[in-house]
Amino acid sequence: MRRRNSNLVIGLSIVGLLALMTLVSLVYTPHDINEMHREHRFEGPSARFWLGTDNFGRDVFSRVMHGGRTAFFVGSTAVAIGLVAGTMIGGIAGYAGSWIDEVFMRVMDGLLAFPGLIMALMVIAIAGPGTFNTALAIGIMSVPTISRIARSGVLQFKSMDFVQAARTIGVRPAAILVRHILPNVVSSLVIAGSVAFAAAILSEAGLSYLGLGVQPPTPSWGRMLREAQGHFLRSPWFTLAPGFAITLMVLGFYMISNGVRDALDVRGHHL
Amino acid sequence: MSAPRLLEVSGLTKSFPVKTGLLQRTKGQVHAVTDVSFGLERGRTIGIVGESGSGKSTLAKCIVRLYPPTAGRISFRGEDIAFMTERRLRADVRARVQMIFQDPYSSLNPRHTLLSIVDEPLRVHHRLSAVERGYRVDTVLERVGLDPAFRRRRPHEFSGGQRQRIAIARALVLNPDLLVADEPVSALDVSIQAQIVTLMQDLQEELGLAYIFISHDLSVVRAIADTVIVLYLGRIMEVAPADRLFACFAHPYTEALLSAVPVVRTDDTKGPPRIILSGDQPDATDPPAGCVFHTRCPYARDRCRNEVPAVRSLPDQDEGHRLACHFPLTGQS
């Protein structure tokens, strides 16, 4: 009998629901996200405005739905950047060894020494704010961690006999890395990727909260929090809705990462 | 001029630097293999025996050039491959020299299917159509006793003996000249060992393969090898044709090794006394002066502690029997 993997099931359900909500927002939102209902500012939940309205009388639920697009876009772009760059750097460093490994990993250590958010601020200071640049900054933030995981996986498999056998057959180093080693490291990378996704959602919220991430008029959960903070006592719904969305999304991805770890029985990659 | 021997190893030495500390300064050298020389003809088998840590695997990995040696020559088909670049090795040597590893559980990629494992050498070295490759794979699978119907299965679905057959099939699919087998049967059940050894003998007869067969199991080596090299602490102690070595060995270390082989006796007679060596193999970072075996040799004298014995043939023996000992044993039965 297989034990039920409740982490994976619940995590996938949460993320699945949020993804569904986001997909629906592409074709339908209860109200136009920028339509201001002047006479209905700071309202609580009602049949007309499910999660109430904000300081301009805009429908909070519609904006939370639309904010999901930003969250998924930034998350997946950042994770894609992190996984591609991290796997390449970690894979090459681990397989090549010697001074190449030294140089690559010391640079990664250097990046890791900066607090992630400071790094992201630097990237945004250079590239300017905006949705894609936010994703780029967050992606770069995740490269050192992912490259370390890729490198340790490569090191683990590099000395195994089937890799030696591939060398005696005459397989080129790049092909050994891609065909023989990386497929065995994928499970660790999937876990690292889902953790990085959760972290990316948080970072995006943080950057947007500071006003440096996603810019108006694109709705983002982090910026909704910023807009709501002055009105918390008057209208708690306006704050709670995006906060709850962020929490759910992050929780969902963390549960997926734990579930994948349990399913694959890969140990020792706690981040 | 006669054709060059298939393999001629001379003065092969491999040491690994021991690095310590923050700056990775070299603190010493592990002398894994020191000054090993031997030759191998087509279709013949050299057995290499020795206890763990005697440098057997390092020697094998130098010959297939998984490691570059520290010094020496490895002449393969008349060409020195000891310091050949990886690119030239791939072009000229890799397809002709193949290796079989001890543990068939780690020598096959768990994510690949039987077909892709055996097919890979063909994809690397030949431009063949998928159909042609599939035909070749099926032929070699049948030859090593595996059902080609299993070609979609992955290594974990096979038993240890079947996996070693897969490894042999992968090594054979390119029709190599030389197969280096590093303890190929040590991880297998005794009944399976015999099957694999028989298979290797049949293949040799059929394809004219040359083997370097490494084992710590003397009876297996005796069954398959034409010539046996006894290695201790990375040095050759004794080399002789197999039947000769087992009958009239002359090196004290060979004597001790052979006395450790269990023998089933059906009568009441007692065999020769078991010679139990005291102590451990010395540290390879700091091998003893003189003869490396003198610390454990029951016959060691002063000369053994000071002077390294050369590998030479015995005065009244044929040239195939050589050993490194100042005081060879005589009068063995």
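Colleague: Let's start with chain B. In what sense do strand E7 and strand E8 of chain B pair, and over how many bridges?

Modeller: Before we start, keep in mind that this is a predicted model. Now the general idea: strands of a sheet pair through backbone hydrogen bonds, either parallel or antiparallel. In our case, E7 (residues 178-182) and E8 of chain B pair in the parallel sense, over five bridges. You can look for one of the residue pairs yourself: B:Leu178 has B:Ala210 in E8(B) as its bridge partner.

Colleague: Okay, and which strand pairs with E8(B) over four bridges?

Modeller: That's E3(B), again in the parallel sense. Look for B:Gly47, which stands opposite B:Phe213 of E8(B). E3 (residues 45-49) of chain B also pairs with strand E9 (residues 227-232) of chain B, in parallel over four bridges. There, B:Ile46 faces B:Thr227 of E9(B).

Colleague: How many strands form the sheet, and in what order?

Modeller: Eight strands of chain B, and the sheet is open. Read across, the order is E6-E7-E8-E3-E9-E10-E12-E11, with mixed pairing. At the edges sit E6 and E11 (312-313) of chain B, each of which pairs on one side only.

Colleague: Why is E8(B) described as largely enclosed by the rest of the structure?

Modeller: Count its buried residues: five of the five in E8 (residues 210-214) of chain B are buried, so the strand is largely enclosed by the rest of the structure. Check the side chains too. B:Ala210, B:Ile212 and B:Ile214 point one way, B:Tyr211 and B:Phe213 point the other way, and all of them are buried.

Colleague: Which residues touch the most other members of the largest nonpolar core?

Modeller: B:Ala169, B:Val180 and B:Ile212, in a core of 156 residues. The largest share of that core, 17 residues, comes from H7(A). Take B:Ile212 as an example: leaving out residues up to four places away in sequence, it touches B:Leu40, B:Ile46, B:Ile48, B:Ala60, B:Ile63, B:Val180 and B:Ala181.

Colleague: Let's move to chain A. How many helices and strands does chain A have?

Modeller: Nine helices and zero strands. The C-alpha trace of chain A spans about 75 × 55 × 30 Å along its principal axes. Of the 271 residues in chain A, 46% are buried.

Colleague: How do I describe two helices that pack together?

Modeller: Two packed helices are described by the angle between their axes and the distance between the axes. H2(A) passes H7(A) in a right-handed crossing. Among the contact residues are A:Gly75, A:Gly82 and A:Gly91 of H2(A), along with A:Leu189, A:Gly193 and A:Phe197 of H7(A). By class, this contact has 15 nonpolar, five polar and one charged residues.

Colleague: Last one: how many residues does each chain give to the contact between chain A and chain B?

Modeller: Chain B gives 18 residues and chain A gives 13. On the chain B side, strand E6 (97-100) and helix H3 (114-125) each supply at least two residues. H3(B) provides the largest share of that side, four residues. Sorted by class, the chain B side has eight nonpolar, five polar and five charged residues.

How values were computed: Residues numbered from 1 in each chain as written. Chains lettered and ligands numbered in written order. Predicted model: local features only at pLDDT ≥ 70, side-chain atom pairs only at ≥ 80, totals over all residues. Left-handed = near helix turned anticlockwise from the far one by under 90°. Contact = placed C-beta atoms within 7 Å. Nonpolar A, V, L, I, M, F, W, Y, C, P; charged D, E, K, R; others polar. Pairing = 2+ DSSP bridges. Buried ≥ 20, exposed ≤ 12 C-beta atoms within 10 Å, placed from the backbone. Core = buried A, V, L, I, M, F, W, Y, C linked by C-beta atoms within 7 Å.
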